[in-house]
Every structure is written in C-alpha cells, then in structure tokens.
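Here is a short report on a protein chain. Start with the whole chain, then look at one strand in detail.

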Amino acid sequence: MKEAVVIKNVTKKYRMYRSKKEQITDLLIPGKAGKNFNAIEDISLTAYQGDVIGFVGINGSGKSTLSNIIGGIVPPTTGEIEKNGEVHVIAINAGLNNELTGIENIEFKGLLMGFSREKIKEVTPEIIKFSELGDFIYQPVKKYSSGMKSKLGFAISVTADPDILVIDEALSVGDQTFTNKSLDKMNEFKEEGKTIFFVSHNLGQVKSFCKKVAWIEGGRLKKFGPTEEVMSEYEDFISHYKSLSKEKQEAFRNELAERRQKSE
Amino acid sequence: MNSLVKLLKEQYQSIYLIQRLALFQLKIDNRNNYLGLVWEVMNPAIQMAMYWFVFGLGLRGNQDVDGVPFVFWMLAGISMWFFMNQGILDGTKSIHQKFNMVAKMNFPLSTLPSYVITGKLYGHLALLGIVMVAFWISGYHPTIYYIQLIYFIGLSYSFAFAITLLTSTLAVVVRDVQMIIQSLLRIMFFLSPILWLPDRLPETMQKFMKFNPFYYLSNGYRAALLYNDWYIIDHWKMTLYNLGLLTFILMLGASAHYKFRDRFSDFI
C-alpha cells in the first residue's frame, strides 16, 4: 500500500507568557522569559492511502494541534511530515462572511478555498441543495441560526475533492437528519479511497467510521492500531477517568501538563 | 531574489481571485450604509473640499500654481494620496485581521494585501474619473499625456503593495507597527507637495524632499492630467530612483513575507 501521510518525530512547542513584558523580553532575547509548552511531543505515525484514522483523547490532549499540522495550518517545531497528495481541512465556520448572503458566501468561501470560476459555477447548485437552506440562501448569513450557518459552511467545505481530508469536530453540525447526511457524505469519501483523519469526541462515530485509531494523551501518542483494539482500551480509560473524584481527575491533568512544560 | 519570483508568480496566478475578493470587500464594507458605495467617493470629496478651503483659499489666497488653478493642482495630487494612504493602512492590517478567515485553507497569503489594495484601487479610479470630468468641464481636455496615468497609477499600486507586503508581515509579529505606519504616513503627507509647494524652502531641502516617492507620484499625476509634459522622461533621474526604490522595497517585503509566512499562526 502507498503511504499517504508520514509523520516523523513531530513536536510542536508553544511559548507561553504571563504578560506582554515577558513576550517582548523573549522576542528581544530568545529564551530569557516565558515557558515552553509541548502541545504535541515526538509523534510518529504513518497513514496509508485509504486509511481512516480517528484521533481520540481528552480535551487539550493535542488532537487539534496534530490535525492542524497534518492540514498544514501549523508548522511543526521539530520533526518532519511528508504528504503525498493534496490535503484539505474541513473548516465549517472559517471563511463565511456575515454581511454577505448565502449565495455570495458560496462564491466567497469557494474563492478562499482556491476554487476556479468554473468550479464555483459547477458546484453552486449542489451546495444549495445539500445545505437545505431554501430561500434563505438569498438572505445575509447574519440572519441565519448557528445551525443554518454551519450547514452552509459544511456544504461548501465538502465540495473540495482532495486526496487527504482532515475533519475536526465537523460532524456535530445541525440536527440529527443533517448529521446523518454528513456522515453519508463522509462515507462516500471513505469509499472513494480517500485518506481521512477524523477528530471527534463522539466515540460512537469514531467506532463506526474509522479503521484505525490514534489515542493521544498529554501530547504523546499513547496507542495506535486497529479501531477495536485501541477503542476498547480507551473506553476503559474513560470510564476509569470518570469514576475518579474531581480532585484526582485534576491531579491527573496537572501531572500531564507539568510533564509537557518540563520536557525539552 | 527567489522570493521575489515566487511572489510575482503567486500574484499572477491569483489575478481572478484578487479582483473578485476586492469586489466582495467593497460590498462587505458598504452593505450597511444606505448610500453604499457612494461613500467610497463622498468621504474623500468632503475632505478635499476642506483642504482646498484651508490650504487654497485660506493660506494661498487661491493663487495659481504655474498657470493651473490651485484647486486642480491639489485635486490631481491628493486623489493619489487618498488611495495610497487608505491602501497602506488597510493593507498593513490585512494579514493579522484576515488570517483566521483563511487559516484552514491553502490560501496564497501574499494576496491578502493585494486584494485589499485592489479594493481601494476601484474607489481611486472612480474618484479619479470624477476629478477628470471636472477638469474637462473647466477646459483641461484629455491629451496624449494621459497615457502616463497608466504608469503612475500602476506605480502607486505597486508602491502600496510593496510597502504593505513588508508592513503587514511586521504587523503580525509586532502589532504596534500599525500605529507606527499611521504616524509615518501622516508625516509623509505633510512632507510631500500635496497641499503646498515647497518653493519657499532652501534649495537643499527641496532636493531632499525629492527622495520621497510621493513627490514623484503626485507630480506625475499632475503632469499627465494638467501640465501636459512628459514627466517620466523629463525627470528620468527620479524615474530611475523610484523604480529602484520600488524594487528594493518589493524584494525586502517578499523575503520578509516568505520568511515569516509559515509562522504567522504562532503569532496570531
């Protein structure tokens, strides 16, 4: 099988400052002020063509940072990432303008996504149909409910036809019927043999949709393997974590956070 | 040099994108006003009238400038200024303001300043059209010298773009740059022969003022619209100097832009 994405020892460090003063000091004399925070730490992972990989982990574990690095939005601090094919991040709310109408937004967001004039013309009717907005498509987006706005954004986003897709919490959009429709669309992508990275807190969705799962804890890759194997362990961890008292949960999180600040 | 080639290629490939987004920008900016786009012309028109009142009538007693009424002389120069000023100010903000809008897409970031400036260019062309009509009515008819306008409008656009390419990058790293640029532009405005003539200044100071590109640009607009001379050739030393300066700023801007581009997300 052909490799689609190869992540080699990728680390992303952020500098954290308590004040503007620290930030300026660090800008002038690097390393003088502020703290390092490892959003992700030494992650290596290979995705083959057609893989559907779910990222799971508790809040703040680094799933989004990793998916942003794969999407090319954030550069890694160290390590390498190799991508064979075009990557597209499904970002439902990015690139929509409240002042413009739905139909204008289709062109606007389409342009931002790099569509040509012809492509925009071609996909506009599909988007209108998929978004289920009816006559609202001629209204400015600021008059939309948040669900309607997300539907429009999602409908535009999924018209891209990349080789590699990154989906970060995008399927919790709209009502149940729309979620099902979105899932169908995702399954279509899956059947077409696209490589998909899927970030979600909805474990049911991850289990039914992904072929492999990467469990990320405190910025590190804790386990990576076939869905059933990783998920059963992850679910055990989650139920154990939930059974802990609030203090113990906090202690666990603090321990992880401390490690991420210390490690160089 | 490499980054300059990359930049020009990126701009060239995005021409359609740039002009469409510029039109959207005009729409977005003016949607909530009843008069909409009229304000793009009305605002500068009101300001021009005030400047004429103070600097023309008040300080100069409406005296001619080499045979051209002061108000015309001023209008030709100041329409260029409004474009440059607005373009540079908004262009400087463009990246840190709009980065999140395009963050998750593979968007050619160097087109953010250019589409903002292109939006301002449309307003500039409309204003310039009105100014021209006023000139024609008053007897300053179009001549062959008008073709210089294409060059001077293009040069103004290029200067605005080159400068904002650099300043928009710096403004991402240090937000204060925006304030610095605002002050610098105000200084440049009064140090350029836009509202007043430097003919009463000592010789050396007058020479020194010619290093300011706004000097060349404003007089170029005037030569094309009013004075009917070949400014580009008659002042070929200034032409060379300004083209050199433009190339230098553009190279500086391009290398700064590409050097920091990957790290914009860390700063925003």
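## Contacts and overall form

A contact means heavy atoms within 4.5 Å. In chain A, residues 24 or more positions apart account for 69% of the contacts with a separation of 6 or more.

This is a predicted model: local features need pLDDT of at least 70, side-chain atom pairs count only at pLDDT 80 or more, and totals for chains, interfaces and linings use all residues. Residues are numbered from 1 along each chain as its sequence is written, and side-chain values use heavy atoms, without hydrogens and water.

Chain A has nine helices and nine strands. These are DSSP runs, numbered from the N terminus: helices are H or I with at least four residues, strands are E with at least two. The C-alpha trace of chain A spans about 55 × 50 × 40 Å along its principal axes.

## Burial

Of the 264 residues in chain A, 51% are buried. Buried means under 20% relative accessible area (1.4 Å probe, protein chains only).

## Strand β3

Strand β3 of chain A covers residues 52–56, and five of its five residues are buried. A:V52, A:G54 and A:V56 point one way, while A:I53 and A:F55 point the other way. Why the two directions? In a regular strand the side chains alternate between the two faces of the sheet.

Which strands pair with β3(A)? One is β7(A), residues 195–199, parallel over four bridges. There A:V52 has A:I196 as its bridge partner. Another is β8(A), residues 212–217, also parallel and joined by four bridges. There A:I53 is partnered by A:K212. Pairing requires that DSSP finds at least two bridges between two strands.

Definitions and conventions
Chains are lettered from A and ligands numbered from 1 in the order in which they are written. Buried means under 20% relative accessible area, exposed over 50%, partly exposed in between (1.4 Å probe, protein chains only).
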